[in-house]
There are 2 protein chains.
Amino acid sequence: MNKQNSIAKCETTVIHDDVIDRVKEEMPAAEQMYDLSELFKSLGDQTRLKILFALSKNRMCVCDIAALLDMSQSAISHQLRVLRNVRLVKFQKEGKVVYYTLDDDHVNEIFKQGLNHVRHR
Amino acid sequence: MNKQNSIAKCETTVIHDDVIDRVKEEMPAAEQMYDLSELFKSLGDQTRLKILFALSKNRMCVCDIAALLDMSQSAISHQLRVLRNVRLVKFQKEGKVVYYTLDDDHVNEIFKQGLNHVRHR
DNA sequence: TAAACATATGAATATATATTCATATGTTTA
DNA sequence: TAAACATATGAATATATATTCATATGTTTA
């Protein structure tokens, strides 16, 4: 009841119906929005950012990354899975060692833009 | 004890000490990493992405956005605060209405790169 | 000035997620 | 083949966060 009221109230006092209609049509498909949010979500964590930054310099095995970041092997492995899921990293097995690398160069571009924004205030 | 053991074990079996040392030096400052992760974190949510996308098309007031996304005014207001905190949006008051706009063009660039990645598989 | 209104915000709640712990899996080597 | 090892992963836990609800704040208008 409270919810209904406030929505009704809001709808009647909307300032620009025309803008809302137009923007609604231009809004990207729900699935793309979802994928995009998953991608940025995966970038929104210091541990994963550090992993990606490290991999942008060199391929590294799980144990290397754990040592670099002073974190447990398990924690790194879990985070690498997140990065794999959004295709930010890929890996090659060499014996029992698994080497991770960046999947493509988009990451570096996104990084660059992000740093631009952060530095620019 | 378990933790100590596993870290010690890992350190002795690290594959590339040289790489680790070098990458450690090249790692961006902790504060930049933090800011960057906060920026991407703010992009890692569908509601906020939709808000940003909408604002890239037109300035809109809070009530417009709530109507567009079919969400409560409060929810939108809370999310706008997150976006303000990372300087992705700014606002102008006109009477009792508050119009929000994108703070700069970086967002659009980051968006574009993100969509490239998502579409490219 | 009082009422109407747009927005902001604190507290509560539900949900998502990062890390740990224990252990499974698969490969190499003695 | 058994032991050593690198990595992956499920369950548990602690913490972060999105939304709701109630209400405060500040502006306009009757």
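Author: Helices (H or I, at least four residues) and strands (E, at least two) are DSSP runs, numbered from the N terminus. This is a predicted model, in which local features need pLDDT of at least 70 and side-chain atom pairs count only at pLDDT 80 or more, while totals for chains, interfaces and linings use all residues. Residues are numbered from 1 along each chain as its sequence is written, and chains are lettered from A in the order in which they are written.

Reader: What makes strand 1 and strand 3 of chain B a pair?

Author: Two strands pair if DSSP finds at least two bridges between them. Strand 1 of chain B and strand 3 (residues 97-102) of chain B have two bridges, in the antiparallel sense, and are therefore a pair. The bridge partner of M60(B) is Y100(B) in strand 3 of chain B.

Reader: Why is helix 4 of chain A called roughly perpendicular to helix 6 of chain A?

Author: Helix 4 (residues 46-57) of chain A packs against helix 6 (residues 73-85) of chain A at an angle of about 75 degrees, with the axes 10 Å apart. Angles under 35 degrees count as roughly parallel, over 145 as roughly antiparallel, 65 to 115 as roughly perpendicular and the rest as oblique. The helices are therefore roughly perpendicular.

Reader: Why is helix 5 of chain B described as largely enclosed?

Author: Buried means under 20% relative accessible area, exposed over 50%, partly exposed in between (1.4 Å probe, protein chains only). Seven of the eight residues of helix 5 (residues 62-69) of chain B are buried, so the rest of the structure largely encloses this helix. Among them are V62(B), C63(B) and D64(B).

Definitions and conventions
Side-chain values use heavy atoms; hydrogens and water are left out. Axes are lines fitted to C-alpha atoms, for helices over the stretch in contact, and angles run from 0 to 180 degrees between N-to-C directions.
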